[in-house]
Amino acid sequence: MNTTNTTSAITGTTATTTNDSPNNPYTDFKAGTTAALRSWSALRTAVEQSWGGSHSASKAEDLRSNIFAFFDGTSPKPKMDSFELEENLLGYMEDEFGVVLEDGSERELADLIVRMYE
């Protein structure tokens, strides 16, 4: 049994997880999604500039957790499609950070997450 410590890319907190398989595809999906969210300039800027208030980092972590609730590894197909994820990303960024996205980056991110999951 392997035990690993992982640090959240968004909040900086460390969690210990147990993974029986070193090549777990869902673990790779979660790491890829976390990296994609970390590199998404709209979210990164919103957190760095505290556009979501003093809890900006936790709001970003909530977004990550919400994505994993729909892409949970229990089914080969995600519980939402790329378009639904795109709409959710748009709404979340506007509701939680006051960011109106017009650059199409939410579409790119949603497509990437869905492709990584499948």
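This is a predicted model: local features need pLDDT of at least 70, side-chain atom pairs count only at pLDDT 80 or more; totals for chains, interfaces and linings use all residues.
The chain carries 5 helices and 2 strands, and from the N terminus on the order is β-β-α-α-α-α-α. Here's a quick tour, starting with H5.

**Helix H5**
- H5 has 13 residues and spans 18 Å from its first C-alpha to its last, close to the 18 Å expected at 1.5 Å a residue.
- Its buried residues are Ser105, Glu106, Leu109, Ala110, Ile113, Val114 and Tyr117.
- Looking down the axis of H5, those buried residues sit within an arc of 165°, so they line one face of the helix.
- An α-helix has 3.6 residues a turn, so residues three or four places apart point the same way.
- The buried residues of H5 pack against H1, H3 and H4.

**The nonpolar core**
- The largest nonpolar core holds 26 residues, and the members touching the most others are Trp40, Leu43, Ile67, Phe71, Leu85 and Met93.
- H1 (25-39), H2 (41-48), H3 (56-70), H4 (82-97) and H5 (105-117) each put at least two residues into this core.
- Leaving aside residues up to four places away in sequence, Ile67 touches Thr33, Leu37, Leu85, Leu89 and Ile113.
- In soluble globular proteins, nonpolar side chains tend to be buried together.

**The chain overall**
- Of the 118 residues, 36% count as buried.
- Among contacts with a separation of 6 or more, 60% join residues 24 or more positions apart.
- The accessible surface comes to about 6,900 Å², with 48% of that belonging to carbon and sulfur atoms.

How values were computed. Residues are numbered from 1 along each chain as its sequence is written. Side-chain values use heavy atoms; hydrogens and water are left out. A nonpolar core is a set of buried Ala, Val, Leu, Ile, Met, Phe, Trp, Tyr and Cys residues joined through side-chain atoms within 4.5 Å. Buried means under 20% relative accessible area, exposed over 50%, partly exposed in between (1.4 Å probe, protein chains only). Helices (H or I, at least four residues) and strands (E, at least two) are DSSP runs, numbered from the N terminus. Contact means heavy atoms within 4.5 Å. Accessible areas come from the Shrake-Rupley method with a 1.4 Å probe; for residues, only the protein chains shown count as cover. The expected span of a helix is 1.5 Å times one less than its number of residues. The arc is that of the directions from the helix axis to the C-beta atoms.
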